[in-house]
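Visitor: I am new to this structure. Please show me how to read a few of its features.

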Amino acid sequence: MATLRALPSVHQLLEQKDVQGLVTAHGRALILFAVQRALDEERVSGVIAGKSTRLARIEAIVGELRRPRLRPVINATGVVLHTNLGRAPMAAAAAQAAAAIAGRYSTLEFDPRTGRRGRRHDLVADSLRYLSGAEAAAVVNNCAAAVLLMLTALARGKEVIVGRGELVEIGGGFRMPDVMRMSGAHLVEVGTTNRTRPQDYAAAVTPRTVAILKVHASNFQVIGFTESVEIEALSRVAREHHVLLLHDLGSGSLLDTAATGLGPEPRIQDSLRAGTDLLACSGDKLLGGPQAGLLLGRAELIEKVMKHPLARALRVDKLTLAALAATLDLYLTQSVAQLPIWTMLGAPPEAMAARATSWQRALMERGITADVVAAESTVGGGSLPGERLPTTALVITSRFGHAADLLRRLREHEPPVVGRIEQERVLLDPRTVLPGEDDALIDAVAAALA
């Protein structure tokens, strides 16, 4: 008890010169909170800190509160569409467009030609129609939202047929049967896990059936004795039985992935051309834009879906629309080389080897030994499962502790560097390290190995 009497009062601490300096920098309310927290910790522990230790703790409490939790990292994992790291980095033009609109009033829902209220998804509808061939287009906040809205507006209380092998679960526990249930549609499973045929869908149609739903298996592969129904065949079944054909396409590519040496990924325009009535896909995967859910297809269906009350809850903001419009403009002008994701996917193995070797030389100049090894990058983000891209990775090992400890030290650097572990070695893959991040990565490695 006598020890606790030595604790200064909150008022005494706030009057100290060093603490007054913190008040000037951070504001009185925040420093008051930090002082109270620091004193409470000493009171609970029974250990009275020295003046410098207490001041450091107050600064640390303030730092923990003010330090942004969302901040840039260097992605050296080799996973191009890393969901945990924000998926596709946007093009500079898209980031600039979002920044330009952020601090100003805008034409978000205003048509300056008529002086009347407009619809926000119309801001990108013309570009999406031109690029995809769709009759109409709309945007919500992500692909999962687009699928939920599509099913809720078009299939509530009715049957929707889905192949059993397409009842997928994606990251975060998003399961197609759960989404179907939340929408109010009744799921009708057909076929088996590995083999489903057109006649399975045809036989399941009843007077209550409103649609067939095709779900792209974007994050897994079923190989071996398999058979699935392509969109063209499903379109014929849907037409014969007068039901809708809906497509959860997932990745949302407008370009041919085979041109980068990868396997083919279904393109938006191919699905619509094959007879899809309404399609949902992502904006921040292979499209290379901001997080968004695109709805593309027949005009009357888009109109019905966007008039549903749920559409307002799922609408996108002006920053997303600005970034998406700028991204689509790069497709319109055939300037896709400015999209980081397609630069990464198309980077040749020789360029990866040269960059990893340059990192190795930079570390050698600092007296640090590192190796380079042949490795593989992945697409990630629920796109092109099983596909690999040849790369060359920098390998670093620590004389102290395990690879996990070294990886943690890299993450604790500012900016954090995120790599991967293979065979108790830390690998840093240049494919996903953006231009201009090399020096920061070298600094992080040097600090982690110090």
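Predicted model: local features only at pLDDT ≥ 70, side-chain atom pairs only at ≥ 80, totals over all residues.

Visitor: Why give both an angle and a distance?

Guide: Two packed helices are described by the angle between their axes and by the distance between those axes. Here, the crossing of helix 6 and helix 14 is left-handed.

Visitor: Which residues in helix 6 and helix 14 meet?

Guide: Ser127, Leu128, Tyr130 and Leu131 of helix 6 meet Leu328, Tyr331 and Leu332 of helix 14. By type, the residues of this contact are 6 nonpolar, 1 polar and no charged.

Visitor: Is serine 183 buried or exposed?

Guide: Buried means under 20% relative accessible area. Serine 183 has 0% relative accessibility, so it counts as buried. Serine 183 lies in helix 8 (residues 176-183). Leaving out residues up to four places away in sequence, serine 183 touches Leu148, Leu151, Thr152 and Arg156. A polar atom of the serine 183 side chain lies 3.2 Å from the backbone nitrogen of alanine 185.

Visitor: What should I look for in the backbone?

Guide: Most residues other than glycine have a negative phi, and most peptide bonds are trans. Glutamine 334 has a positive phi of about 55°. Glutamine 334 sits in the loop between helix 14 and helix 15 (340-346). Glutamate 424 also has a positive phi, near 60°. Its loop runs between strand 16 (420-422) and strand 17 (425-428).

Visitor: Where is proline 415, and what is its peptide bond from glutamate 414?

Guide: The bond from glutamate 414 to proline 415 is cis, with omega near 0°. Proline 415 is in the loop between helix 17 (403-412) and strand 15 (417-418).

Notes. Residues numbered from 1 in each chain as written. Heavy atoms only, no water. Helix = DSSP H or I, 4+ residues; strand = E, 2+ residues; numbered from the N terminus. Buried < 20%, exposed > 50% of the residue type's maximum accessible area, 1.4 Å probe, protein only. Polar contact = N/O pair within 3.5 Å; in protein donor to acceptor, adjacent residues only side chain to side chain. Contact = heavy atoms within 4.5 Å. Left-handed = near helix turned anticlockwise from the far one by under 90°. Nonpolar A, V, L, I, M, F, W, Y, C, P; charged D, E, K, R; others polar.
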